[in-house]
Amino acid sequence: MWKTRSYSSCTLSLRWCHKELQTYSDSSDKFTVLNKLEYADIYNYGDSVILRLLNTGKFIYSSEFSWELRIFDSPEKQVSFSLPGGYIYISKDLILSLENEAQFASVAAHEMKNSDLRMAT
C-alpha cells in the first residue's frame with residue numbers, strides 16, 4: 001500500500017514530482033497504480049503536459065481517445081507503455097530517472113503516438 005503525507009498546493013515541477021514519488025513505498029511485487037484522488041497534484045502536472053502535447057495537432061485521435069495518464073509502481077522499474085484508446089502508463093521509477101519536463105514529455109509523446117497509431121490494435 002502506498003504511504004504519503006499531506007501536502008499543501010504548490011507550483012509543480014518535475015523536481016517536485018520526484019520528491020513526492022520518493023515518499024511512497026510499496027511492499028508488494030504487484031502492478032500498483034497511484035490513486036488519482038490521493039495524488040491529484042502529480043496527475044494534474046502529468047495531465048497538463050499531455051494536454052500541451054495534444055494541442056500540437058500531431059495526433060490523429062486527439063479528441064476521440066480518452067488520453068488518461070496512469071502512474072504506477074512495478075517490479076520492472078523503469079517502464080512505460082500505452083493501451084488502445086489513449087491510456088498512457090508510466091512507472092514512478094521512470095519518472096524519478098527523468099531530469100526535466102522535456103524528458104517526461106518525450107516519454108509521454110512516445111506512448112501517446114503508439115496509441116494514436118493504434119500499434120496495439
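**Labels and their cut-offs**

Mentor: Start with the core. The largest nonpolar core has 24 residues, and Trp 67, Leu 69, Ile 71, Ile 90, Phe 104 and Met 112 have the most contacts inside it. Helix 2, strand 2, strand 4 (87-91), helix 3 (92-97) and helix 4 each supply at least two residues of this core. Helix 2 gives the most, with 7 residues. This is a predicted model, where local features need pLDDT of at least 70 and side-chain atom pairs count only at pLDDT 80 or more, while totals for chains, interfaces and linings use all residues. Residues are numbered from 1 along each chain as its sequence is written, and side-chain values use heavy atoms, with hydrogens and water left out.

Trainee: What makes a set of residues a nonpolar core?

Mentor: The members are buried Ala, Val, Leu, Ile, Met, Phe, Trp, Tyr and Cys residues, joined through side-chain atoms within 4.5 Å.

Trainee: Why is Trp 67 called buried?

Mentor: Buried means under 20% relative accessible area, exposed means over 50%, and partly exposed lies in between (1.4 Å probe, protein chains only). Trp 67 has 8% relative accessibility, so Trp 67 counts as buried. Trp 67 is found in the loop between helix 2 and strand 2.

Trainee: Why is Asp 93 called buried?

Mentor: Its relative accessibility is 18%, so Asp 93 falls under the 20% limit. Asp 93 is found in helix 3. Beyond residues up to four places away in sequence, Asp 93 touches Asp 73, Ser 74, Lys 77 and Gln 78. Contact here means heavy atoms within 4.5 Å.

Trainee: And Ser 82, why is that one buried?

Mentor: Ser 82 has a relative accessible area of 15%, so the buried label applies. Ser 82 lies in strand 3 (residues 80-83).

Trainee: How do you know that Ser 82 makes a polar contact with Glu 111?

Mentor: A polar contact is a pair of N or O atoms within 3.5 Å; within protein, one must be able to donate a hydrogen and the other to accept it, and residues adjacent in sequence count only if both atoms are side-chain atoms. The side chain of Ser 82 reaches the backbone oxygen of Glu 111 at 3.2 Å, so the pair passes.

Trainee: Why is Lys 58 called exposed?

Mentor: Its relative accessible area is 60%, so Lys 58 is over the 50% limit. Lys 58 lies in the loop between helix 2 (40-54) and strand 2 (68-73). Not counting residues up to four places away in sequence, Lys 58 touches Lys 113 and Asp 116.

Trainee: Why is Leu 117 only partly exposed?

Mentor: Leu 117 has a relative accessible area of 46%, so the value sits between 20% and 50%. Leu 117 lies in the segment after helix 4 (101-116).

Trainee: Which residues form a nonpolar patch on the surface with Leu 117?

Mentor: Ile 60 and Met 119. Like charges are joined within 9 Å, nonpolar side chains (Val, Leu, Ile, Met, Phe, Trp, Tyr) within 5 Å. Leu 117, at 46%, therefore clears the area cut-off.

Terms used: Patches are made of residues with over 30% relative accessible area and no salt bridge: like charges are joined within 9 Å, nonpolar side chains (Val, Leu, Ile, Met, Phe, Trp, Tyr) within 5 Å. Accessible areas come from the Shrake-Rupley method with a 1.4 Å probe; for residues, only the protein chains shown count as cover. A salt bridge is a side-chain nitrogen of Lys or Arg within 4 Å of a carboxyl oxygen of Asp or Glu. Helices (H or I, at least four residues) and strands (E, at least two) are DSSP runs, numbered from the N terminus.
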